[in-house]
Amino acid sequence: MFQKGEMPRYVENYPEPIAHNENEIVISVKAAAIKHLDKSKAGGKHYSAKGDIRQAKVIGGDGVGILRNGTRVFALGVSGMIAEKAIVDKSRMIQLPEAIDDNIAAALPNAVAGSAMALRFRANMKAGETILINGATGFTGKIAVQIARHYGAKKIIVTGRNQQSLQSLLTSGADEIISLKQDDKSFIEQIKKMHNNTPVDIIIDYLWGHPAELILEALKGEGSFTHKTAFISIGAVAGNNIQLSAEILRSVNLQLSGSGLGSWTKDEMQKLFTEIIPEMFQLAANGKLKVETLNVHLRDIEKLWEMEVPDGKRLVVTI
C-alpha cells in the first residue's frame, strides 16, 4: 500500500477486500507487474491520477489471480492488485491458457495495450507496411517489435540509446537500428535516408520530447508530394512537451495522434479484452512471443520499488 507520493510499504493483516456488487468478484492474486503507469499514479504524476485524494491505497492496476473454482485469470483491479486478495471487474477478466506462466501473463497485457492498440486502431496498420518504433529498447518497445512483425510489418526500424539492447532487437524482429546517442544532424540524416529508401508508414513513439522533434524534422517535406505517415504518441520518457513548427505540419502528409487511457473507445477496449490480449497470451504460451520478467516477492516491495530493471524486462511481484 502507499500514501500518494510516498514509498509503498508492505502491510501484514491488511483487511480483506469485499465485493460491493454483482459485477465484482474477489480473487487470490498470484502475480502483478509494476509498470511506469503504476509508479506515475502512485506519485500523483499521471494524468489519470490528478485530483486523487491523499489516502492510503493498494497499488497495482491489474494482475493474475485464481478464482474460487481454481480458474486462472488475468484481470483489471477494482482495488489494488499488489496484494494477496483483490476485487476485480467480472467483465474485465481473461481466462489464461494452461501453458502460460503467471509472471509472463501479468507482465504482458500493459505492453500489448501500449503497442497493439496504437497499431490496430490509431494507425490502422496493414500487412506490408514499414514501422518505426522510437524508444524500442524498453519492455513495451520489445513487445511492440514482435507484435508489429506478427501483424505483418514489411520492415521494422527501431531507435534507442542502449546499443546492446538495440542489437538484441535484431533477433526479435527488427530490421534496422538507429542510435539515439549520435548527434542530432546525423540522427536526422539517418531517418531521412531510411524514409527515402523505404517510406515509413507508422511511427510508434514511446519517448516524445527531443527525439520526437528530430523525427518530425526528418519527415518535413520540401514542397512536393509526401508519403502519408501516422505518428502515434504512447509515452513521454524524454519529456512531456515538444516544439512543433507549423511548417512541418503543412509540408508533410502527417497523422499525429495519441494512444492511451481516455483515447480508446468502448468498442476498442472490448476488443482489447476479447481479441487482442487473448491472442497474445496464446502466442506467449506457444513460445512465439518472447517475454522477459524480473520476479520479486511482495514482502520486498519497499526494496524493489526503485529497483533498476534491465532494458527489455518487466518487474513482476509474485504473491
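Beyond its neighbours within four places in sequence, glutamine 255 is in contact (heavy atoms within 4.5 Å) with Arg122, Thr229, Ala230, Phe231 and Ile232. The model is predicted, so local features need pLDDT of at least 70 and side-chain atom pairs count only at pLDDT 80 or more, while totals for chains, interfaces and linings use all residues. Residues are numbered from 1 along each chain as its sequence is written, and side-chain values use heavy atoms, with hydrogens and water left out.

Glutamine 255 belongs to strand β10 (residues 254-258). Helices (H or I, at least four residues) and strands (E, at least two) are DSSP runs, numbered from the N terminus. Glutamine 255 is partly exposed because its relative accessible area is 23%. Buried means under 20% relative accessible area, exposed over 50%, and partly exposed in between (1.4 Å probe, protein chains only). A polar atom of the glutamine 255 side chain lies 2.7 Å from the backbone oxygen of arginine 122. A polar contact is a pair of N or O atoms within 3.5 Å; within protein, one must be able to donate a hydrogen and the other to accept it, and residues adjacent in sequence count only if both atoms are side-chain atoms.

The protein has ten helices and twelve strands. Of its 319 residues, 50% are buried. Among contacts between residues at least 6 apart in sequence, 72% join residues at least 24 apart.

Strand β10 is also part of what covers the buried residues of helix α7. Helix α7 (residues 209-219) is largely enclosed by the rest of the structure, because eight of its eleven residues are buried. These are Gly209, Pro211, Ala212, Leu214, Ile215, Leu216, Ala218 and Leu219.

Serine 251 is found in α8. Its relative accessibility is 15%, so serine 251 counts as buried. A polar atom of its side chain lies 2.9 Å from the backbone oxygen of glutamate 247. Leaving aside neighbours within four places in sequence, serine 251 is in contact with Lys220, Gly221 and Thr226.

Helix α2 is likewise a largely enclosed element, because nine of its twelve residues are buried. The buried set is Asn103, Ala105, Ala106, Ala107, Leu108, Pro109, Ala111, Val112 and Ala113. At the start of α2, a side-chain oxygen of aspartate 101 comes within 2.8 Å of the backbone nitrogen of asparagine 103.

The axes of α2 (residues 102-113) and α9 (residues 266-285) come within 10 Å and cross at roughly 130°. Thus α2 is oblique to α9. Axes are lines fitted to C-alpha atoms, for helices over the stretch in contact, and angles run from 0 to 180 degrees between N-to-C directions. Angles under 35 degrees count as roughly parallel, over 145 as roughly antiparallel, 65 to 115 as roughly perpendicular, and the rest as oblique. On the α2 side, the contact is made by Ile104, Ala105, Leu108, Pro109, Val112 and Ala113. On the α9 side, Leu272, Ile276, Ile277, Met280, Phe281 and Ala284 take part. By class, this contact has twelve nonpolar (Ala, Val, Leu, Ile, Met, Phe, Trp, Tyr, Cys and Pro), no polar and no charged residues.
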